[in-house]
Amino acid sequence: MTATLIILALTVVMFIIGKIRADIVALCALTALILLGILTPEEALAGFSSTVIIMMVGLFVVGGAILQTGLAKAVSQKIMKLAAGSDTRMFLLVVIVTSAIGAFVSNTGTVALMMPIVVSMAVQSGTQPARLLMPLAFASSMGGMLTLIGTPPNLVIQDALTAAGYEPLEFFSFFPVGVICIITGIVVMLPLSKKFLYKKKGSGKHNSGRGKTLDDLVSEYNLSNALRRYRIKQHSAIAGKSVAELDLPGRYGLSILEIRNESSDRSGLIRNVTQSLASPESILTAGDIIYLTGDTAKMSQFASENRMEELDNNSIDFYDIGISEIVLMPTARIIGMPLRKSGFRERYSINVLGIKRNNDYIMNDLPQVKLQSGDVLLVQGKWSNIAQLDDDETDWVVLGQPEKQASQVTLDYKAPVAAIIMLLMIAAMVFEFIPIAPVTAVMAAALLMVITGCFRNVEAAYKTINWESIMLIAAMMPMSVALEKTGTSALISHSLVSSLGSMGPTVLLAGIYFTTSLLTMFISNTATAVLMAPIAMTSATEIGVSPYPFLFAVTLGASMCFASPFSTPPNALVMHAGEYTFSDYIKVGLPLQIIIGIVMVFALPLLFPM
């Protein structure tokens, strides 16, 4: 018991100091428990196979798909319209919407679904994500108090009551308690988040060194005017012909950069987009969309002669094919060559869309332009081919990071697919219309997101998983086993409750809440509720009062734990994205946890008379 408490205390101290990454500290604590014989290797490693951990991994993937498809941006824009530019209104909307979802979906699932939306909102509004992500995590837990199924501790006290022969709680018996928690949470979190979460060190690192965005490049090179999009109509003279047969450079001085085909189902809701660079062997078919570059008058002439429909050029979508800049080194072998002899197209399947030379932009007659040292070339191709440019040659330097740019491109035509999968997952978790566990629903949803193309590739899906958070929770979970195995948790709970029993029901109620709250900082909330529920029931019976308020104190203490990043999965989920330290949870979460406890100690006897 002593060794366990020392390891726990050192772990908490290291978390607070924050000099070593939280996941490394947790793994050190786990290793110490094994080496000292407190836990067997099987007990220590059980956290890595926990359904909570598997569920978190799946939810990271689902959340990543919501971001990748632009669904998060679309939803966040609607919420921002309601916020009407007010930070306070946006804060309130995030808390209220999250609490409402958390009433029916697990708090872990709620945070994973809302986190990409909230991050997108913060970026669009210029607010730091840190200001909203911790309130998001806390709101998901508070929303769980609105219904019977909102959080596992609610079901634990329901079982305790029915086992003892008391009337079971109804689905919305928790609703008044949840409303009080949410109102208290808003009142406390609003000023605390402004004071402690608004200006965080390193908050600008997401933007620093990022280089030019795709939109920046489109604007700088005026691509919206340099490119034209045309759809090949039925019975067009060019349908069925190859690019080589058209001889566009010779006849019109034009070049086909890309061939795109878009299809949709009967409802028009689900779209598929395929892209390819135009090679001489590419065959054009009716319905294809071709991207042309060259003289605008010549493009119009070519389109009218061959039954082609001009499409709007208000936006250029980058999916599988993107753009980037490369700068030619003085030692490059292609210096002095005309662009047509450079071999970009033949060796790398890359188009050159424009050349920046000093402060001039060369966009016309590019094949004849002789390349010079220091030229910046705007290139177009598959993201993998652009990345290969950076790997294979020393003649140029690729500006920016193609892989990172590719990951930031939204596959917006897949947004309806992602929305359908997300809604099916939520429905499966809420209504249980199929006999599967929530973790199975999440795993199935994550797989469907990958299989249906909501990610560019499987690697992109893996990159959405925050392994630091996963390792932190998985490594800290066995700590609860150590505390229970050594009798530490039972000793703490029995000692505190027995010492307060003689001071009256209100003091005992406070003791049960704060004891449960303390234990939940180190033990999972469900395990704490299982441990404390019979103690609360026995204590209420011994002093001759109703057990309902005491059991509600248990579920509240187990669920309203905000002072630690590893006390609940939602707290850990937002830690990395919000760039939080352990002390941030102490500054905002601990006051909230204490104030909710004080409020509920006086409110519970009014809602459930003793």
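Colleague: In this predicted model, which residue in β9 stands opposite G354?
Modeller: Start with the two strands. β7 covers residues 351–357 and β9 covers residues 376–382. They pair in the antiparallel sense over 5 bridges. Opposite G354 in this pairing stands L378.

Colleague: Which strands are the edge strands of the open sheet?
Modeller: The sheet has 5 strands, with antiparallel pairing. Their order is β8-β7-β9-β6-β10. An edge strand pairs on one side only. That picks out β8 (360–362) and β10 (396–399).

Colleague: What does the twist average from one strand to the next?
Modeller: Take the strands in their order, β8-β7-β9-β6-β10. Go from one strand to the next, and the twist averages 30°.

Colleague: At what angle do α22 and α27 pack?
Modeller: Two packed helices are described by the angle between their axes and the distance between the axes. Helix α22 spans residues 467–485, and helix α27 spans residues 569–577. Their axes are 8 Å apart. The angle is about 150°.

Colleague: Which residues have the most contacts inside the largest nonpolar core?
Modeller: That core has 140 residues. Another core, of 20 residues, lies apart, with L328 and W396 among them. In the largest core, the most contacts belong to F138 and M142.

How values were computed:
Residues are numbered from 1 along each chain as its sequence is written. This is a predicted model: local features need pLDDT of at least 70, side-chain atom pairs count only at pLDDT 80 or more; totals for chains, interfaces and linings use all residues. Side-chain values use heavy atoms; hydrogens and water are left out. Axes are lines fitted to C-alpha atoms, for helices over the stretch in contact, and angles run from 0 to 180 degrees between N-to-C directions. Helices (H or I, at least four residues) and strands (E, at least two) are DSSP runs, numbered from the N terminus. Two strands pair if DSSP finds at least two bridges between them. A nonpolar core is a set of buried Ala, Val, Leu, Ile, Met, Phe, Trp, Tyr and Cys residues joined through side-chain atoms within 4.5 Å. Buried means under 20% relative accessible area, exposed over 50%, partly exposed in between (1.4 Å probe, protein chains only).
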